[in-house]
Amino acid sequence: MAGARFDGVQLNRRDLRQPFPTGFARRLKGQSVRALVRRGKYLLGELSSGDTLVMHLGMSGWFRVEKSKRSTARRNRETDLDNRHDHVVFTMSSGMTVTFNDPRRFGIMDLITADRLARHASLGRLGPEPLSRAFDARTLARRLAKRRISLKAALLDQHVVAGIGNIYASEALHLAGLSPFRLASSLVTRAGAPRGGCERLVQAIKSVLRRAIVLKESERYRGSRFRVYDRDGERCATAGCPGTIARAWQNGRSTFYCPVCQR
DNA sequence: ATTGAGACCTGTCGGC
DNA sequence: TGCCGACAGGTCTCAA
């Protein structure tokens, strides 16, 4: 998409998690993508018009990118590809077709003007990028201070730090040796300074995310080598730790952790 | 303002 | 084999 122009925009339904904005296809057509960037879990297409194409995969969304030589419908029939949930099809000037497929429809596709981007309800208040230099122990401490929620819930809060989901919240806490049940504010001193666990957690978050990106881990989700996620009942991977991975429920989500080495 | 519960959807998997 | 409930990688809204 980057550098290419939208020649065609096909919507196969009127909504995903929310309705497509009015004139979505009309406003996109003819625009080119100046840059394609990521902010937290959002994909942003910066358009020549100044508008931004906001995309989110939700739980089950994904993009299929292929040469648009033949119609995707025909190609899919021939390859037995399941195209029941192809909701949006972008035909780009580069000769590629970009198809958004999302069975659960928790994804988002939105088009907003520049002045509304900063005020966007969720985008405008996202926490820092975890892999940026700006995300350090002091920054995390400031955002955890006075929060009466668990560390696990704090990591899932996109206002605390952007981009961490249910898998990597468990993974980072295990690597940092921190219990998912600990109070978020327990990593911060009375005066608001970071305690030791804060720096360990920052480094653990950066580490698990960098590794995940290199391995394209979630792309091969089922075969992935997570430290704790989906591994309840197995031996803890921490060197010298005799623990067994346990599973618990927190805020309606499953959490995986080692009761022995995470404190 | 902060917090947790429930809602939004479809697909898959394990147990019977 | 088929049916049924539980659960899934995210976020939004609502009520306390």
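Trainee: Which residues touch the most other members of the largest nonpolar core?

Mentor: In soluble globular proteins, nonpolar side chains tend to be buried together. Here the largest nonpolar core has 37 residues, and L140, L144, L155, Y168, L201 and I205 touch the most other members. A nonpolar core is a set of buried Ala, Val, Leu, Ile, Met, Phe, Trp, Tyr and Cys residues joined through side-chain atoms within 4.5 Å. Buried means under 20% relative accessible area, exposed over 50%, and partly exposed in between, with a 1.4 Å probe and protein chains only.

Trainee: What should I know about the model and its numbering?

Mentor: This is a predicted model, in which local features need pLDDT of at least 70, side-chain atom pairs count only at pLDDT 80 or more, and totals for chains, interfaces and linings use all residues. Residues are numbered from 1 along each chain as its sequence is written, chains are lettered from A and ligands numbered from 1 in the order in which they are written, and side-chain values use heavy atoms, leaving out hydrogens and water.

Trainee: Which residues of α4 are buried?

Mentor: An α-helix has 3.6 residues a turn, so residues three or four places apart point the same way. In α4 (residues 137-144), the buried residues are A137, T139, L140, A141 and L144. Their cover includes α5 (151-156) and α7 (196-215). After α4 comes K146, with a positive phi near 65 degrees.

Trainee: What does L201 touch?

Mentor: Contact means heavy atoms within 4.5 Å. Not counting residues up to four places away in sequence, L201 touches L140, L151, L155, A172, L173, A176, L178 and L187.

Trainee: Is T91 buried, exposed or partly exposed?

Mentor: T91, in strand β6 (residues 86-92), is partly exposed because its relative accessible area is 30%. Leaving aside neighbours within four places in sequence, T91 contacts R5, F6, D7, G8, S68 and M96.

Trainee: How many disulfides are there?

Mentor: A disulfide is a covalent bond between the sulfur atoms of two cysteines. The criterion is a pair of cysteine sulfur atoms within 2.5 Å, and a search of the whole structure finds 0. For C198, the nearest cysteine sulfur, that of C261, is 19 Å away.

Key
Helices (H or I, at least four residues) and strands (E, at least two) are DSSP runs, numbered from the N terminus.
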